[in-house]
Amino acid sequence: MTDKNKSNRFMPLIMAVCVVIGIAIGSFFSNHFGGNRLNIINSGSNRLNNLLHIIDDQYVDEVNIDSLVDKAIPQILAELDPHSIYISAKDVQTANDDLKGSFSGVGIEFTIREDTIHVQNVIKNGPAERAGILAGDKIVTVDGKKFVGKQVTNEEAMHRLKGPKDTKVKIGVLRYGSNKIQTFTVTRGEIPQKSVSAAYMLDSNTGYIRIKSFGETTYAEMLVALTQLSSQGFSNLVIDLRDNTGGYLQSAVSMANEFLPNKKLIVYTQGRKSPRTNYYSDGKGAYQKVPLVVLINEGSASASEIFAGAMQDNDRATIIGRRSFGKGLVQQQMSFPDGSMIRLTVARYYTPSGRCIQKPYVHGDDDDYQLDLLTRYQHGEFFSKDSIKHTGPAYHTSLGRVVYGGGGITPDIFVAEDTLDVTSYYKQAAMSGLIMQYAFLYTDNNRPALKKYTDMGSLLGFLKHQNIVEKFADYGNSHGLQRRNLMIQKSHKLLERYLYSRVIYNMLDEEAWNQYLNLNDPVITTALKVFRNNAAFPKKPVKKPAGRKLPPRPAATVRNKRR
């Protein structure tokens, strides 16, 4: 064999050794002089994961990677839109409970005053009531451990009191008029989360349903409420969605189906990776002919706007109130292996006329979006329909009425917010929390007398003779709210309304609270007027006849005019 053949035979081996040596030398210089593995991060498809590995492996100090991720993910999602959010594992249960029809706990509503839990209400037939806990009790121990002072927060209280069904918790309370701690063993159970907070008759013909959220059980709760009102002979219906921030799309669709004839578009969704999905009525709704009014305001969002938009675009109901919030984005819930999750925007929803009611936002800039309601208020939108600024084009309902997208549902009938009697004294009293504090203190100190009254009307009759505004003014004056007699006189009705409503809520329930707030409410008054005028079914706008063209003037007339 020649020397040339020998060299050719060993050439592949020599080249392989050179490549290995080159890689080793390159890695050495890269690791020590070239920024370590930064080239991997810059070119890899999973740069964030690689970055976290490098930090965990080589950062100068020990790092809690889980905590770092919890802080980083919200910042990433914030660059997308205002409603794509991250929920840590410890907060997932609470976030889901808000939309579910129930949660497992002891069944109390509480407030924290002076670093102590005060039981505000006890859920009827719930675990706490069965164990003997009463509204007005102060919780001072949980499972034998002292629970007062700075450690008492909403989060910590929920952590200690909520828990798996059929588990037990020992609650020590101080009861009014006693200095001895009483201990009750409460077996946790399913606590219903009602989304229908009121269902009663406004007058002999008009039923009223207040829906405060759209959860898993909202549609079923509405059907129960409608059955209840049917037994009382309602022929008109008001659905109140004011301050309803939304929830499940499907709940809104199911509700809308009850009021629409067959094959009416309720809503459709569409996104970059989500093909258009249409939601139609099936014609099986039992209340397709009932005259309907829907109430909305600037706090009505998401699923509330889906329902209101479906009724408006199909000319099925009259919408009354103020322009809604403007959330037209659909979130999908996705879980991570550690139990945390994200709610990611995957589509937009559109009302039947084709309008997206999502208000404008700038990617990564959340400030203007969050301050939108304040901006509306400052521009006078809460007080004049002419101040509403629509950012979207005009659309048309099935009857040809003009509606607008790009920032909420604009009502058919606008009702301004009443601020005539608002004073700086009233604002300070409300915003400082002093009204809430005094209302609870008054309730606590007068429970024996207040318990005699079991309905809103009788309790209101009692409160009207208690000079409660004057007593509050004394309380406020001793807690940093200087008395302003002229302002108190001007805002007397507002102060009275706020105080009465909180005492009624503390002693009775949400329905009684709603009944009181609806008394003399201009939005409710407007709704009843619509029914009296048979205007609950919107009508096709009347077209003005085209004006008849006049013949041209005689030339003489023109000449005379020139003179």
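This is a predicted model: local features need pLDDT of at least 70, side-chain atom pairs count only at pLDDT 80 or more; totals for chains, interfaces and linings use all residues.
I started with E156: at 25% relative accessibility it counts as partly exposed (buried is under 20% relative accessible area, exposed over 50%, partly exposed in between, with a 1.4 Å probe and protein chains only). Residues are numbered from 1 along each chain as its sequence is written, and side-chain values use heavy atoms, with hydrogens and water left out.

Which residue does E156 meet in a salt bridge? R160 is the partner, at 2.9 Å from N to O. My criterion is a side-chain nitrogen of Lys or Arg within 4 Å of a carboxyl oxygen of Asp or Glu. R160 and E156 are four residues apart in helix α7, so about one helical turn separates them. An α-helix has 3.6 residues a turn, so residues three or four places apart point the same way.

**Other salt bridges**

I searched the whole structure and got 19 salt bridges. One of them joins D115 to K150, with the closest N and O atoms 3.9 Å apart. That pair links distant parts of the chain: D115 is in the loop between β3 (108-113) and β4 (116-122), K150 in the loop between β6 (145-146) and α7 (154-161), 35 residues apart. D115 is partly exposed at 29% relative accessible area, while K150 is exposed at 74%.

Next I looked up D412, which forms a salt bridge with R401; the closest N and O atoms are 2.9 Å apart. D412 sits in the loop between β20 (402-404) and β21, and R401 in the loop between β19 (394-396) and β20, so the pair ties together parts 11 residues apart in sequence. Buried or partly exposed, R401? R401 counts as buried at 14% relative accessibility, whereas D412 is partly exposed at 24%. I also found a network: R323, K359, D372, R376 and E381 are joined by salt bridges that share partners.

**Sheet**

I traced an open sheet of six strands with mixed pairing, in the order β10-β11-β12-β15-β16-β21. Two strands pair if DSSP finds at least two bridges between them. The edge strands, β10 (196-201) and β21 (413-414), each pair on one side only. β10 runs antiparallel to β11 (residues 206-211), with five bridges joining them. In β11, I209 is the bridge partner of A199.

**Helix α17**

The buried residues of α17 (residues 468-477) are I468, V469, F472, A473, Y475 and G476. They cover an arc of only 165 degrees around the axis, which puts them on the same side of α17; the arc is that of the directions from the helix axis to the C-beta atoms. Their cover includes α13 (424-431), α14 (434-445), α18 (485-490) and α19 (492-507), where contact means heavy atoms within 4.5 Å.

**Surface patch and totals**

L371, L374, Y377 and F383 form a nonpolar surface patch, about 350 Å² of accessible area together. For patches I take residues with over 30% relative accessible area and no salt bridge, joining like charges within 9 Å and nonpolar side chains (Val, Leu, Ile, Met, Phe, Trp, Tyr) within 5 Å. L374 is in helix α12 (residues 372-378) and is partly exposed at 45% relative accessibility.

The chain has 22 helices and 21 strands: DSSP runs numbered from the N terminus, helices H or I of at least four residues, strands E of at least two. Of its 563 residues, 42% count as buried. The chain's accessible surface is about 31,300 Å², 54% of that belonging to carbon and sulfur atoms; areas come from the Shrake-Rupley method with a 1.4 Å probe, and for residues only the protein chains shown count as cover.
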